[in-house]
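Subject: Structure handover and notes

Dear colleague,

I am passing on the structure that I have been going through, with the sequence alongside. Please look it over first; my notes come after it.

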Amino acid sequence: MLTIDNVYRASHALKGVARKTDVLYAPKLCSGAELYLKTENLQITGSFKVRGAYYKMTRLSAEEKAKGVIACSAGNHAQGVALAAQKNGIKAVICLPDGAPISKVEATKSYGAEVCLVEGVYDDAYQKALQLAKEKGYTFVHPFNDEDVIAGQGTIALELADQIPDMDAVIVPVGGGGLISGIAYTIKTLNPRVKVYGVEAKGAPSMKNSIEHGEMEELSSVSTIADGIAVKKPGDLTYELCSKYVDEIVTVSDDEISAAILALMEQHKLVTEGAGAVAVAAAMFGKIDLKGKKAVCLLSGGNIDVTILSRVIKRGLIMSGRNCQLMIELMDKPGQLKNVSRIIADLGGNVTSVHHERANEGSDVNGCYLRIVLETRNFEHIQQIRQALTDFGFKLL
């Protein structure tokens, strides 16, 4: 059984291995709340996963250690298991889908693990890992549905209790539920008055649906930029723990996640992956009532694939009103573009792209369209520019 003693034992085992990550004050991310950030994105391997994986390794028997461990992951769990095995002198095999980003494959190898690429998707890699565990006698290290792994993740709550003893709420990303199970169990055992909120991506609400319907459910598909929490089905252990100890689970959209990633980069110089930013997205967009409360958002990981970072930033700019596109119908005569440019410039907008095209068939023979992309301060600024253009007589589409 999961016990508070087990969480304390995990904390002792992790001394000198996992970092006690800092808590940073974030006054601008959520108005009306005293918000803090628990920076597990700065943990070794770039995520909290090493906590549970390492503690699991310390609990293995000598025979299990001699045979080695196997895991299945396309990301943070793989690196956590690989490093934990390396530090304990245990052989580790990690099954990865063959479409996993090269950066993640190489990172896993760099921690000394043997990588087994499996044709297909995560579920195919998972089945291969179970098959090899049976054939070779490896111990399978589950990413979330394991009491020792959950106890390891619970050590974050012990740190928070020490760092912010008077906190009112903690907001935690939810995928399979291992992280929030460990945190919720530990927090509620130490201080039952603290609220524990979970956050899932709208495209992968497996735990939220399961708890709302009173039984474990499996999603037919998942779709989100937060690949670290794109889980079709929670574990039976994590489902039971979340049902008992978590106060509420909310969801955030990919656009809201992108805006949160951008805000963390700009305001706090912190890089988070999609899953790592969902707690902040929930606070930023009012998914949880935090008015007058001292709350902590857990940044669970920072291993974002740099190849998609620019796309995420672009979505974040649009979502926060920092970038917009205007389509303006003009009469094709001299001075029109000059007037549009002057109005935008006078209001402090910055034009980054202009596309001019003749009107379509059926439109005024002297008509044309102007498509403009511009940098703006916020949605209010966009509205000011739109209003000024309309007042001048331009037609916005």
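A salt bridge is taken here to be a side-chain nitrogen of Lys or Arg within 4 Å of a carboxyl oxygen of Asp or Glu. Before the findings, please keep in mind that this is a predicted model, in which local features need pLDDT of at least 70 and side-chain atom pairs count only at pLDDT 80 or more, while totals for chains, interfaces and linings use all residues. Residues are numbered from 1 along each chain as its sequence is written, and side-chain values use heavy atoms, with hydrogens and water left out.

Salt bridges

Searching the whole structure gives 20 salt bridges. One of them joins Lys38 to Glu159, with the closest N and O atoms 2.6 Å apart. Because Lys38 belongs to strand β2 and Glu159 to helix α7, this pair ties together parts that are 121 residues apart in sequence; helices (H or I, at least four residues) and strands (E, at least two) are DSSP runs, numbered from the N terminus. Both partners are buried, a word that I use for under 20% relative accessible area, as against exposed for over 50% and partly exposed for what lies in between (1.4 Å probe, protein chains only). The relative accessible area is 0% for Lys38 and 12% for Glu159.

Helix α7, where Glu159 is found, covers residues 147-163. If neighbours within four places in sequence are set aside, Glu159 is in contact (heavy atoms within 4.5 Å) with Arg19, Lys20, Thr21, Lys38 and Arg51.

Arg51 in turn forms a salt bridge with Glu40, and here the closest N and O atoms are 2.7 Å apart. Since Arg51 lies in helix α2 and Glu40 in the loop between β2 and α2, the parts that this pair ties together are 11 residues apart in sequence. Arg51 is buried at a relative accessible area of 1%, and Glu40 likewise counts as buried, at 0%.

A further salt bridge, at 2.5 Å from N to O, is the one in which the side chains of Lys208 and Glu212 meet. Both of these residues lie in helix α9 (residues 206-213), 4 residues apart, or about one turn of the helix. Glu212 counts as exposed, with a relative accessibility of 51%.

Aromatic pairs

A pair of aromatic rings is described by the distance of the centres and the angle of the planes. Rings of Phe, Tyr and Trp (its six-membered ring) are paired if their centres lie within 6.5 Å, and planes under 30 degrees apart count as stacked, over 60 as edge-to-face and the rest as tilted. By this rule there are 4 aromatic pairs. Among them, Tyr25 and Tyr36 have ring centres 5.3 Å apart and planes at 40°, so this pair is tilted. As Tyr25 lies in strand β1 (residues 23-25) and Tyr36 in strand β2, the pair ties together parts that are 11 residues apart in sequence. Tyr25 is partly exposed at 46% relative accessibility, whereas Tyr36 is buried at 16%.

Tyr185 and Tyr245 form an edge-to-face pair, with 5.5 Å from centre to centre and 85° between the planes. Tyr185 lies in helix α8 (residues 178-190) and Tyr245 in helix α10 (residues 236-245), so the parts that they tie together are 60 residues apart in sequence. Tyr185 and Tyr245 are both buried.

Helix α5

In α5 (residues 102-110), the residues Lys104, Val105, Ala107 and Thr108 are buried. Seen down the axis of α5, they fall within an arc of 165°, so they line one face of the helix, the arc being that of the directions from the helix axis to the C-beta atoms. What covers them includes α4 (76-88), β4 (92-97) and β5 (114-118), while the face turned away from the buried side carries the exposed residues Ile102 and Ser110. After α5 comes Gly112, with a positive phi near 95°.

Thr45, which is not a glycine, has a positive phi of about 70°. Thr45 is placed in the loop between β2 (34-39) and α2 (49-58) and is buried, at a relative accessible area of 8%. Lys269, also a residue other than glycine, has a positive phi near 55°. Lys269 sits in the loop between α11 (254-268) and α12 (274-284) and is exposed, at a relative accessible area of 65%.
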